[in-house]
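This report describes selected structural features, from aromatic pairs to the central sheet and the nonpolar cores. The sequence and the structure are shown below.

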Amino acid sequence: MIASATPEKRREFLGSLSRDELRGLPYLFEFWALPHQLAPEGDWKTWVVMGGRGAGKTRAGSEWVRAQVEGATPDEPGVAKRVALIGETYDQARDVMVFGESGILACTPEDRRPKWVADRRKLVWPNGAEAKVFSAHDYEALRGPQFDAAWVDELAKWKNAEDAWDMLQFALRLGDHPQQVVTTTPRDVPVLKRILGARSTVMTQAGTTENRANLAASFLEEVEAQFGGTQLGRQELEGVLIEEPEGALWTRARLAAAGDLEVVEPDRIVVAVDPPVSSKATSDACGIVVAGVKFAPDKRNWRAVVLEDASLRGASPMVWASRVVEMFHKHGADRVVAEVNQGGDLVEEMVRQVDGSLSYQAVHARHGKTVRAEPVAALYEQGRVAHAKGLGDLEAEMLLMLRTGFQGRGSPDRVDALVWALTDLMLRRDVKGKPQVRGLGP
């Protein structure tokens, strides 16, 4: 492969090409494309390209349209003759899908480049193929026309997504096997989940960093610093569809609000531990969460902050105990709080082998995970818990905590540790049932 050859071999290859071949090289998309930008093989109806910001989704859509309408020569017909290009608005469809830096015109060599007919809102290729621009807001305009291919851009953020998508399906009725491509950043919306759930749908997926060669380094540094490790970052940068089940104790909106709150300097900090049963790679994780509380004269004005999720999977007791002690000293914690239902005295024994001087509190679970989590979830509803950056894995697990139980695989060990931490800081009561106002020491 030329791409993996030595610089000398690459120069030799380029020197062997004619002038026309060199001019055509940038347009050989199969050579330059990333794996997620190439259409999967098979008899599919819909191809969903789901990725983070800047992952190359628009280029994938433009090149797919080219592959459908172009023939072996500029004048020969391709597979498709009538294509629908649908964006959220006419302006967005025109500016991104047609005239954008990765739009159809920019991706097409001069001898095959279509003409833009502004008053008809359409592209016309030298072989007679046409692609017409539509707006999801004006989806009724899809009633009447018919197509053998379609490109849908950023479907997940359309306000009229359900209606526009359904109208397109009625219009996609020309040719032997009409197909459509959807390029979108994921969002938890019904229409996208319905499409992904169809047997005739295939999907490719990629994060922003997979296209780093074509992105400014400063852009990547900035967005990673601001959104890395957050739920928004998992969606907008990693291209992960984060679903929100019905009856969830925490919602994405609530977690986003926690991430927007000021991370105050806490008066008291604890490291909470939910130990695993074993240290096998397939075992549950050792949940380790660091959180703090900012006291106020009125307990209703106390504010909690989740500082770090240091959970480990497949670690031996000595390894996770060392991590607990590391977190204790890193954050200047006042106490280690550990659930002992399964591990008994193991947690304290292991932690004290690493550091025998730290303060330790054992806690026992007398209720189920959901019952324990509900009062903590209420703190989030009240806007009393802030999240530091880098809690994406914890937040992903929180979203799977339903009132009917945990919907993920295994045990929600990160959430368990979070619950123990915030319960100790915000919800523990003395023997008379009154809140314990602590903060002057462990």
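Are Phe134 and Phe147 buried or exposed? Both Phe134 and Phe147 are buried, where buried means under 20% relative accessible area, exposed over 50%, and partly exposed in between (1.4 Å probe, protein chains only).

## Basis of the description

The model is predicted: local features need pLDDT of at least 70, side-chain atom pairs count only at pLDDT 80 or more, and totals for chains, interfaces and linings use all residues. Residues are numbered from 1 along each chain as its sequence is written, and side-chain values use heavy atoms, with hydrogens and water left out.

## Aromatic pairs and charges over rings

Six aromatic pairs are found in a search of the whole structure. Rings of Phe, Tyr and Trp (its six-membered ring) pair if their centres lie within 6.5 Å; planes under 30 degrees apart count as stacked, over 60 as edge-to-face and the rest as tilted. For Phe134 and Phe147, the ring centres are 5.6 Å apart and the planes stand at 85°, so this pair is edge-to-face. Phe134 belongs to strand β5 (residues 130-135) and Phe147 to the loop between β5 and β6 (149-153), so the pair ties together parts that are 13 residues apart in sequence. Helices (H or I, at least four residues) and strands (E, at least two) are DSSP runs, numbered from the N terminus. One aromatic cluster is formed by Trp44, Trp47 and Trp64.

Arg121 lies over the face of Tyr90, 3.6 Å from the ring centre, and Lys299 over that of Trp302, at 4.8 Å. The criterion requires NZ of Lys or CZ of Arg within 6 Å of the ring centre and within 35 degrees of the ring normal.

Two strands pair if DSSP finds at least two bridges between them.

Strand β10 runs antiparallel to β9, to which seven bridges join it, and pairs with β11 in the antiparallel sense over six bridges. Ala272 has Val289 of β10 as its bridge partner. In β11, Ala304 is the partner of Val293 and Glu308 that of Val290. Seven of the eight residues of β10 are buried.

## Nonpolar cores

A nonpolar core is a set of buried Ala, Val, Leu, Ile, Met, Phe, Trp, Tyr and Cys residues joined through side-chain atoms within 4.5 Å. The largest has 35 residues, of which Trp250, Val306, Tyr380, Met398, Leu418 and Leu422 touch the most other members. Elements giving two or more residues to this core include β9 (268-274), β10 (287-294), β11 (303-309) and α16 (413-427); α16 gives the most, with nine residues.

Not counting residues up to four places away in sequence, Leu422 touches Ala291, Ala304, Val376, Tyr380, Val385 and Leu427, contact meaning heavy atoms within 4.5 Å. A second, separate core of 27 residues includes Val273, Cys286, Val324 and Met350.

## Surroundings of Gly405

Gly405 lies in strand β16 (residues 405-406) and is buried, with a relative accessible area of 14%. Leaving aside neighbours within four places in sequence, Gly405 is in contact with Thr370 and Leu400. The C-alpha atoms of Gly405 and Lys369 are separated by 7.6 Å, although these residues are 36 apart along the chain.
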